[in-house]
Amino acid sequence: MEKLTTLTGVAVPLRRSNVDTDQIIPAVFLKRVKKTGFDDALFYAWRRDPEFVLNKPEYQHGKILVAGPDFGIGSSREHAVWALHDYGFRVVISSRFADIFYGNTAKNGVLAAIMPQESVELLWKLLDEEPGREMTVSLEDRTVTCGDVTLPFEVNDYTRWRLMNGYDDIDLTLQHEDDIIAYEKMRAEKFPFKPKTLPVKREPEQPIESAREGEYPDWQGPLADR
Amino acid sequence: MGTTLAEKVWADHLVRKGSDGAPDLLYIDLMLMHEVTSPQAFEGLRLAGRKPRHVDQLIATEDHNTPTVDIDRPNPDETSALQLSTLEKNCKDFGVRLCPLGDADQGVVHAFAPVLGLTQPGMTIVCGDSHTSTHGAFGAMAIGIGTSEVEHVMATQTLSLKPFKTMAVNIEGELPKGVTAKDIILAIIAKIGTGGGQGHVIEYRGEAIKKLSMDARMTICNMSIEAGARAGMIAPDEVTFEYLKGRPHAPEGEMWDKAVEYWKTLKTDDDAVFDKEVTINAADLEPYVTWGTNPGQGVKISGVVPDPASFNDETERSAAERAIAYMGLKPGMRIKDIAVDTVFIGSCTNGRLEDLRVAASIMKGHHKADNIHRVLVVPASSRVRLQAEKEGLDKIFKDFGAEWRNAGCSMCLGMNPDKMVARERSISTSNRNFEGRQGKGSRTHLASPAVAAATAIRGTICSPADL
């Protein structure tokens with residue numbers, strides 16, 4: 001994983017709260033089987049709107065996203081972080097992140113920086129005054145600098161250490177394999193009744209009849225359009 | 001001081017306590033997998049030359065983008081077909097048990113495991129899907145995870161996690177007639193908001209919860225994530241044991257007794273303290289329906305679409321304005337005056353047998369209203385479908401003018417062809433009313449199966465009591 005220590009880049013104000021992962025990347029893109037190439041899918045529906053912030057030329061190379069509260073709510077899809085990363089975002093700033101999304105960021109070298117909403121509002125104001133300006137995020141100092149304003153953000157020590165070193169999760173865990181082996185021994189003695197998926201146990205197989213699609217030749221479209 | 005149910009389950013799975021801000025390492029008893037969030041995890045494993053640590057603690061099924069019609073014919077959607085064939089290949093290569101489309105055990109990942117008896121009290125269960133919280137209904141710690149974590153669990157059978165905070169949601173007293181599990185959880189989310197449970201495990205407690213069936217408890221725990229919580233739990237009791245007994249993977253004989261003895265210890269001590277506590281009086285509840293574009297934007301069915309000006313918080317006000325515009329509604333409009341196009345009964349929230357029985361009991365002897373375009377009834381799992389057919393529910397649905405589909409996630413998230421068109425409006429028993437969730441530009445009102453069935457009869461949103 002790439003290391004992240006200090007990043008300077010264009011900051012994009014996203015003045016919306018409750019940005020859910022369906023908006024970050026719609027379900028249709030989840031059908032892909034690879035881990036990269038999701039940049040075109042990011043905010044897919046919103047990007048159809050020419051007025052959407054990422055469609056403005058000054059924000060096209062955004063690296064830092066400054067968003068409203070409760071960013072990343074909803075579905076657990078890690079694709080949301082891959083899409084942000086593939087587009088070029090390495091930092092997302094918000095006053096509050098949904099838990100699963102937050103957990104997914106660090107695993108992919110993306111920093112989710114937590115700041116009070118007042119700081120976010122101040123950054124929005126600064127970005128509005130000079131659209132397309134760059135900000136600097138220092139993981140070392142836990143600060144965001146925009147012009148002569150420097151604001152602190154919150155990130156826990158462990159996440160910061162991982163991001164700065166670019167560590168892979170599995171390597172970190174397997175350093176403690178002895179502990180896993182010891183737990184498994186205890187588990188087999190204390191909880192011998194825990195289920196196993198193999199060998200297969202099941203009710204008898206039964207044929208499933210295939211449903212067919214209904215037909216609605218007379219449907220005149222949504223009530224709202226009539 | 002005593003400990004909570006969540007803390008007990010956590011302690012029983014602790015492999016290593018984290019220090020200096022590092023998370024705890026927690027042992028994972030079972031991981032459920034599906035075609036959407038697993039391919040990149042298998043790819044990662046393969047690239048690193050790793051193998052699953054315990055294939056007998058993994059199980060996969062196909063649900064998110066499987067068609068609910070023509071399952072006996074080739075899948076016309078190439079990208080879906082690729083994801084499904086990728087899962088089949090991955091399961092074969094790594095030796096993971098798969099319940100594929102067409103198999104009697106296939107179903108929505110959160111429906112098929114309980115039916116097999118794989119979901120048991122006191123377990124840690126994970127899945128690359130946020131609605132994993134469903135399994136907490138058995139007193140398990142069930143957590144939705146991302147794809148990197150799916151890979152991590154396959155490789156190590158553990159997960160690195162910071163301890164969650166605990167939250168009690170007490171539903172005191174007796175539920176009024178006509179109020180169901182779905183109404184309880186929609187009321188909770190409307191009260192505490194989509195971020196209200198953030199960082200917490202919610203334990204649902206109180207008289208009203210104890211009286212619920214397992215199917216109903218699963219509905220409540222399922223939507224814990226919609227309140228922002230990491231997991232939802234309900235302490236196991238006789239209802240839980242009764243549900244499990246005799247299921248294919250439930251313990252048998254002496255092991256059953258040993259298991260029950262342990263399961264009975266899984267409850268919050270009387271002197272335990274929760275980090276947060278919320279109490280709702282069951283008598284105050286009535287059926288709930290959402291009017292907006294997040295699950296917290298819900299009201300009592302007798303209510304009206306709110307005036308955005310009534311929100312004190314600026315963020316909530318603008319969210320309400322945006323939602324009302326998207327939904328094509330007007331402030332002050334009565335919920336019961338909203339006419340819908342489509343009715344969707346299904347999903348991991350409300351696609352279980354009890355849900356189908358309730359819907360059928362209301363639809364029996366009626367026909368869908370003229371303005372209703374279609375009624376989709378999608379069982380959450382193939383075993384549920386088979387049992388419903390045995391009970392003749394399929395015939396009631398078909399006579400009503402509904403479509404009786406094969407099991408899967410279907411219109412809950414519109415990854416398969418079951419989608420709505422722009423401005424089409426649904427009453428849906430699913431879990432999310434986000435913009436475009438059920439198809440680009442689609443408008444979703446979340447409700448219980450009873451409300452969805454009654455709405456299908458009258459054509460406008462209503463409860464069975466209004467018929």
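1. The model is a predicted one, in which local features need pLDDT of at least 70 and side-chain atom pairs count only at pLDDT 80 or more, while totals for chains, interfaces and linings use all residues. Residues are numbered from 1 along each chain as its sequence is written, and chains are lettered from A and ligands numbered from 1 in the order in which they are written.

2. Helix H16 of chain B covers residues 449-458, and ten of its ten residues are buried, so the helix is largely enclosed by the rest of the structure; a residue is buried if 20 or more other C-beta atoms, placed from the backbone, lie within 10 Å of its own, exposed if 12 or fewer do, and partly exposed in between. The buried residues of H16(B) pack against strand S13 (288-290), strand S15 (342-346), helix H12 (347-350), helix H13 (353-363), strand S16 (374-378) and S18 of chain B, where contact requires the C-beta atoms of two residues, placed from the backbone, to lie within 7 Å.

3. The "binding site" annotation in the unreviewed UniProt entry covers Cys348(B), Cys409(B) and Cys412(B). These residues span 65 residues in sequence, yet no two of their C-alpha atoms are more than 8.8 Å apart, so they gather at one spot. UniProt positions are given in the numbering used here, feature names are shortened, and annotations may be inferred rather than shown by experiment.

4. Cys409(B) is located in the loop between strand S17 (403-404) and strand S18 (425-428) of chain B, and Cys412(B) also has its place in the loop between S17 and S18 of chain B. Cys409(B) counts as buried, with 32 C-beta neighbours inside 10 Å, and Cys412(B) is likewise buried, with 29 other C-beta atoms within 10 Å. Not counting residues up to four places away in sequence, Cys409(B) touches Asp63(B), His64(B), Val108(B), Ser347(B) and Met415(B); with neighbours within four places left aside, Cys412(B) is in contact with Gly346(B), Ser347(B), Ser430(B) and Asn431(B).

5. In chain B, four strands make an open sheet with parallel pairing, in the order S11-S10-S9-S12; two strands pair if DSSP finds at least two bridges between them. Strand S11 (231-233) and strand S12 (276-281) of chain B stand at the edges, each with a single partner strand, so one side of each is left without a neighbour in the sheet. The twist averages 20 degrees from one strand to the next, with axes fitted as lines to C-alpha atoms, for helices over the stretch in contact, and angles running from 0 to 180 degrees between N-to-C directions.

6. Strand S10 (residues 200-205) of chain B is joined to S11(B) by three bridges, the two running parallel, and Glu203(B) has Met233(B) as its bridge partner in S11(B). Helix H6 (residues 181-192) of chain B lies across strand S9 (165-172) and S12 of chain B, at about 125 degrees to S12(B).

7. On confidence, the mean pLDDT of chain B is 97, and 100% of its residues reach 70 or more, pLDDT being the predictor's confidence in each residue, from 0 to 100. The model scores ipTM 0.95 and pTM 0.89.
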